[in-house]
Amino acid sequence: MYPAPHADDRSYYECRNCGHRKVTDSLGRCPKCNGRTRNIAVARE
Ligand SMILES: [Zn+2]
């Protein structure tokens, strides 16, 4: 067996105001501009 990949239980959030992105469980406000954020698809590399 090989180690399981990183858990994908976190979502990708993007600020609708400044575009700042952050991967976290939840993000109510942008830490940079305090703008509203939206949940976007997790980007796989
Ligand atoms: Zn912002």
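**Ground rules.** I am working with a predicted model, where local features need pLDDT of at least 70, side-chain atom pairs count only at pLDDT 80 or more, and totals for chains, interfaces and linings use all residues. I number residues from 1 along each chain as its sequence is written.

**Overview.** I looked up the secondary structure and found zero helices and three strands. Helices (H or I, at least four residues) and strands (E, at least two) are DSSP runs, numbered from the N terminus. Read from the N terminus, the elements go β-β-β. The chain has 45 residues, and 11% of them are buried. Buried stands for 20 or more other C-beta atoms within 10 Å of a residue's own, exposed for 12 or fewer, and partly exposed for in between, with C-beta atoms placed from the backbone.

**The sheet.** In what order do the strands lie in the open sheet? I read β2-β1-β3, with antiparallel pairing; two strands pair if DSSP finds at least two bridges between them. β2 and β3 (37–40) are at the edges with a single partner strand each, so one side of each has no neighbour in the sheet. Neighbouring strands are turned by 35° against each other on average, direction ignored; the axes behind such angles are lines fitted to C-alpha atoms, for helices over the stretch in contact, and angles run from 0 to 180 degrees between N-to-C directions.

**The hairpin.** I then followed β1 (residues 11–15), which is joined to antiparallel β2 by four bridges. The two strands make a hairpin with five residues between them, and Gly-19 in the turn has a positive phi of about 85°.

**Arg-21.** My next stop was Arg-21, in strand β2 (residues 21–24). Glu-14 stands opposite Arg-21. Which residues does Arg-21 touch, leaving out those up to four places away in sequence? I found Tyr-12, Tyr-13 and Glu-14; a contact needs C-beta atoms, placed from the backbone, within 7 Å. Why is Arg-21 partly exposed? Because 14 other C-beta atoms lie within 10 Å. I also checked Thr-37, 16 residues from Arg-21 along the chain: their C-alpha atoms are separated by 8.7 Å.

Technical notes. Two residues are in contact if their C-beta atoms, placed from the backbone, lie within 7 Å.
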